Structure formats: structure tokens, C-alpha cells
Amino acid sequence: MKIAIASDHAGYPLKAVLADDLRAAGHEVQDLGAADAVTSVDYPDFGRACAEKVASGSADFGVVVCGSGIGISIAANRVPGARCALIHDNLGARLARQHNDANMISFGARLTGAETARDALRAFLETPFEGGRHAARRDKLG
């Protein structure tokens, strides 16, 4: 799969771990930045850039990380066609895919540990959308 990944400076360390895991699993990773954890950058720019890759079909899924995961997920969800879920655990990741057909996942690096995020990301990528009654609801999201 093609996976776009982006973060702000606060999310950079977790983004780096997740990007390495994705590459090790054989995925094509499009790292859109940030470049480091030191240079202050604005999360909306990175959330939007990642969401645009997903919405355009240039990436199958997107992963975004900021300090809380909130701001970058809001930025991503402003892009039509992006459905970004802020996730804190494996169950949330599975439900985001099963019921909402989320095509992006967001993590808060200050709130979610690396092992939890790794586990949730694996679940997110392995879980199919159930469709059925959930498809009509998803379609109302735009």
C-alpha cells in the first residue's frame, strides 16, 4: 500500500517510528514532513498536505501526528474526501475502519505511546470497511 505520513514538530518522533514500521512491513511511505522535532512548524499545513494525497488517490491511507492529534485531524478533515479518525487504541482503530471507512488515522504523540500507536496502526491497516448499513452513513460525510 501507499501510505502518506506527516506530522508537526511535536509529532515527529512518533511519526519517525511509525514510518519505519510501515517501510519494514513493505509499504511505500510518502513522508511529507516535518523534517525534525526542533524546528517549530504549523500542524494545519501537514494535516492538509497528507489529506490531499489521500483524497486525490496518490496514497491509499494517511497517518498524521501532532502533540494531541486533535489539531492535525481537524486540518485533515477539512479536505473533501479525507476521513481522519483521532485514535487512542486498537479498538478505536478497528471501528474507525469497520464503521466509518476512515482513510486516515491521527495520533497525539503526547497522549499515545509508541507501542499503542504501532498496534493501532497495524489494526487500522488490516481492518476492512464493513459496508452495509455503514456505507450510507459514510456517504453522508461527503
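How are α1 and α5 oriented to each other: parallel, perpendicular or oblique? Some notes below, starting with that pair.

1. Before anything else, this is a predicted model, where local features need pLDDT of at least 70, side-chain atom pairs count only at pLDDT 80 or more, and totals for chains, interfaces and linings use all residues. Residues are numbered from 1 along each chain as its sequence is written, and side-chain values use heavy atoms, with hydrogens and water left out.

2. On to the helices. The axes of α1 (residues 12-24) and α5 (residues 114-126) cross at roughly 45° and come within 10 Å. Axes here are lines fitted to C-alpha atoms, for helices over the stretch in contact, with angles from 0 to 180 degrees between N-to-C directions. The two helices are therefore oblique to each other (under 35 degrees is roughly parallel, over 145 roughly antiparallel, 65 to 115 roughly perpendicular, the rest oblique).

3. Who touches whom? From α1 come L14, V17, L18, D21 and L22, and from α5 come A114, A117, R118, L121 and L125; contact means heavy atoms within 4.5 Å. The residues of this contact divide into 8 nonpolar, no polar and 2 charged. Nonpolar covers Ala, Val, Leu, Ile, Met, Phe, Trp, Tyr, Cys and Pro, charged covers Asp, Glu, Lys and Arg, and the others, Gly among them, are polar.

4. Now the sheet, which is open, has 5 strands in the order β2-β1-β3-β5-β4, and pairs in the parallel sense. Its edge strands are β2 (28-31) and β4 (84-86), each pairing on one side only. Strands are DSSP runs (E, at least two residues), as helices are (H or I, at least four), numbered from the N terminus; two strands pair if DSSP finds at least two bridges between them.

5. Look at β3 (residues 61-66) next: 6 of its 6 residues are buried, meaning under 20% relative accessible area with a 1.4 Å probe, protein chains only. F61, V63 and V65 point one way, while G62, V64 and C66 point the other.

6. β3 pairs with β1 (residues 2-7) over 5 parallel bridges, and with β5 (residues 104-108) over 5 parallel bridges too.

Terms used:
Buried means under 20% relative accessible area, exposed over 50%, partly exposed in between (1.4 Å probe, protein chains only).
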